[in-house]
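I opened my notebook today to look at strand pairing and charged side-chain contacts. Here is the entry I was working from.

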Amino acid sequence: MPLAAFAALSPDDLAPLAADDFDAKSAAIDKLIANADAPSIAVLNALSDGSLVATDAGKVLIQTDDGNKDALTNKTVEAPDAQPVTLNNLLRSKVSGALSGLQLASPDIATRRAAIDELLKNADPSIKPLVDKARAKETDPTLKKRLDTLWATTALHDTDANKRLEAVQLVAARHDLDMNELLRPIVVKNADGTFTEPDARVRAAAQAGIEELDSIQRRGEIVGTIFAGLSLGSVLLLAALGLAITYGLIGVINMAHGEFLMIGAYATYVVQNLVQHYAPGAFNWYPLFAVPVSFAAAAVVGIVLERLVLKHLYGRPLETLLTTFGISLILIQATRTIFGAQNVQVTNPSWMSGGVSVMQNLILPYNRLTILGFSLVVVLLAWVVLTKTRLGLFVRAVTQNRRMAACVGVKTARVDSYAFAFGAGIAGLGGCALSQIGNIGPDLGQSYIIDSFMTVVLGGVGQLAGTVIGGFGLGLVSKTIEPFWGAVLAKIAVLVLIVLFIQKRPQGMFALKGRSAEV
């Protein structure tokens, strides 16, 4: 490099970099940024990669493969005592921002765009001269608009009140929640009661921007709470749907119903491992194979349980309650014996990983969206089975009046078995869905059995529509209360609300219609 190219800098400009005063170093870096000439850029690059050194005499050098070079003359200098120039985190950030700012003058639009994106994350006021130059030269309308925002973040502390006002207005107009922290200091009072920002117009504009950003954040939180409630409701719906069918039909308080969820989840885990081992190329589609397997596995266990145990206990609710609780413990221990006591993990396929950003502070996970849609599909299928098929006709007939159904030729015992298997299978589908949002273990079903009963009782025993509304309603109420009281107190509050509701409406939101039901 020609010696003339280094004439803009003087030893006095670089001397503070060799000292221990970080404020002086910051001022020296500001001058390098303002110069933005070849030697200044060379020194900034050396600061960035740690190749800038200083001698005991205060001479600043750049380490290269050919030896130490004088930062002003580019001549090789023997300096065995040279030590690296040290920077704190603040100065490192300033140097990094300056180098990104220098890329704003690049002829490549992609480079300029990347530089703007980087600087918007942490814009330092010292790069304002670089941003001013870039704004004057930028021809792309989109980048010009983003440069205006970048300029605003660097001009918030300008000595000119009009520029500060313009900067605040630009920052507020961006509607970026990350900019909220830039505006708040402007309206803060000092210890003596005066404002940090002396100009009332700037403070008013900043306050208006803060209120708008707070409003955007609140809307995002409300939508997030609603989605969380619907997500929880979809899980409760899948867990309670089968219970609503069996409880409404047979009147059995099945404390082992949660274990059907666990069976469906473990069936999904087995299918995942088999696909991973024998057909790894089809791994992304293993949930499609797991759905019928989880339904079948839970349905088989359900029909065996009903045929061997429950059919002998109809009409004896206390004995049924105790027996199913014992069966629940047996199933849990059997699962521990087969799969181990530790939780196992089911991996999401690629199309269920990640999420979609619908608002600045809200990302909806794909797996939660999939489960929400899946639960609605399961409800639709259950409705079709119960209202459009011969089995559904028999189930509804037995639910409303068992004796009359038996008198007209309906084999009520067989209907009980089929309905119990169908309800258990739906719970297995719930376990398949649950496996996609968390680890699964032998105690998985215990977490949902109480909530399932609350959903069924709230909606109305044997009522499909009531179960849907009860599941989503419980999910929304729980997630609305949780931010204020916490998860435990929220569940207690929900339980109290349900108890109070049942006192006024013992049959739930939707009561069964029929002679037997009315009696």
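This is a predicted model: local features need pLDDT of at least 70, side-chain atom pairs count only at pLDDT 80 or more; totals for chains, interfaces and linings use all residues.

**Sheet.** I looked up the strand order and found β3-β2-β1-β4, an open sheet of 4 strands with antiparallel pairing. The edges are β3 (67-70) and β4 (83-84); each has a single partner strand, so one side of each is left without a neighbour in the sheet. Next I checked how β4 is held: β1 (residues 52-54) pairs with β4 in the antiparallel sense over 2 bridges. Within that pairing, I noted that alanine 54 has glutamine 83 of β4 as its bridge partner.

I began with arginine 184 and aspartate 214, whose side chains meet at 2.8 Å, N to O. Arginine 184 sits in the loop between α9 (180-183) and α10 (200-250), while aspartate 214 belongs to helix α10, so this pair ties together parts 30 residues apart in sequence. I have arginine 184 down as partly exposed, at 31% relative accessible area.

I then turned to arginine 336 and aspartate 443, a salt bridge at 3.1 Å, N to O. Here helix α13 (residues 317-339) supplies the arginine and the loop between α17 (412-434) and α18 (449-459) the aspartate, so the pair ties together parts 107 residues apart in sequence. Arginine 336 is partly exposed at 29%, and aspartate 443 is partly exposed at 40%.

Buried or exposed, I wondered, is aspartate 199? Its salt-bridge partner is arginine 201, with the closest N and O atoms 3.2 Å apart. Aspartate 199 counts as buried, because its relative accessibility is 16% and the cut-off is under 20%. Arginine 201, at 41%, is partly exposed.

Conventions
Residues are numbered from 1 along each chain as its sequence is written. Side-chain values use heavy atoms; hydrogens and water are left out. Two strands pair if DSSP finds at least two bridges between them. A salt bridge is a side-chain nitrogen of Lys or Arg within 4 Å of a carboxyl oxygen of Asp or Glu. Buried means under 20% relative accessible area, exposed over 50%, partly exposed in between (1.4 Å probe, protein chains only).
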